[in-house]
Amino acid sequence: MRIIVNGKEAGTKEKGCALCGATWGEYYEEIDNEKLFFCCDFCALEFTNMIKEVKKRNNWDRIDDLEINGNYYTGRTCTAKRQGKEYKFYVKFDDEGGIGTFKELN
């Protein structure tokens, strides 16, 4: 999965956390058979919940590209792509790392 966070490629220790783009931390999680870098387990939990929601709503088995813009406080506007299809959404997480707000965007 190719991941862009606020305009920069992410998902490895060198490039930054797959959700927030931070380069500190040492947490990894395997998602869709890819080992992705996260700054902390909380970002990994939020990312995992977001991916599950997008896959469930679109009946996708995986996501090819994911563009994330925003942050924890304002929420994130995202675009997910799978096999030429595009899905835009807004997500904001709750204090437990779950999805607090999820809106489909046109």
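Helix α1 covers residues 41-58, and its 18 residues should span 26 Å at 1.5 Å a residue, which agrees with the 26 Å between its end C-alpha atoms. The expected span here is 1.5 Å times one less than the number of residues. Helices (H or I, at least four residues) and strands (E, at least two) are DSSP runs, numbered from the N terminus. Keep in mind that this is a predicted model, where local features need pLDDT of at least 70 and side-chain atom pairs count only at pLDDT 80 or more, while totals for chains, interfaces and linings use all residues. Residues are numbered from 1 along each chain as its sequence is written, and side-chain values use heavy atoms, with hydrogens and water left out.

**Helix α1**
- Buried residues (under 20% relative accessible area, 1.4 Å probe, protein chains only) in α1 are C43, A44, E46, F47, T48, M50, I51, E53, V54 and K55.
- Just after the helix comes N59, with a positive phi of about 55°.

**A closer look at E46**
- E46 sits in helix α1 and is buried, yet it has no salt bridge.
- A salt bridge would take a side-chain nitrogen of Lys or Arg within 4 Å of a carboxyl oxygen of Asp or Glu.
- The nearest side chain of opposite charge to E46 is R76, 4.4 Å away; for charge, Lys and Arg count as positive and Asp and Glu as negative, with His and the chain ends not counted.
- Leaving aside residues up to four places away in sequence, E46 is in contact (heavy atoms within 4.5 Å) with L19, Y72, R76, F93, D94 and G97.

**The sheet**
- There are 6 strands in an open sheet, ordered β2-β1-β5-β6-β7-β8, with mixed pairing; two strands pair if DSSP finds at least two bridges between them.
- β2 (8-10) and β8 (99-105) are the edge strands, each with a single partner, so one side of each has no neighbour in the sheet.
- From one strand to the next, the twist averages 25°.
- α1 packs on this sheet and touches β1 (2-5), β5, β6, β7 (85-93) and β8, with its direction at about 140° to that of β7.
- Such axes are lines fitted to C-alpha atoms, for helices over the stretch in contact, and angles run from 0 to 180 degrees between N-to-C directions.

**Strand by strand**
- β5 (residues 65-71) and β6 (residues 75-82) run antiparallel, joined by 7 bridges, and I68 stands opposite C78 in β6.
- β1 and β5 run parallel with 4 bridges, and V5 stands opposite I68 in β5.
- β1 also pairs with β2, antiparallel over 3 bridges, and there V5 stands opposite K8 in β2.
- The β1 and β2 hairpin has 2 residues between the strands, and N6 takes a positive phi near 50°.

Notes
Buried < 20%, exposed > 50% of the residue type's maximum accessible area, 1.4 Å probe, protein only.
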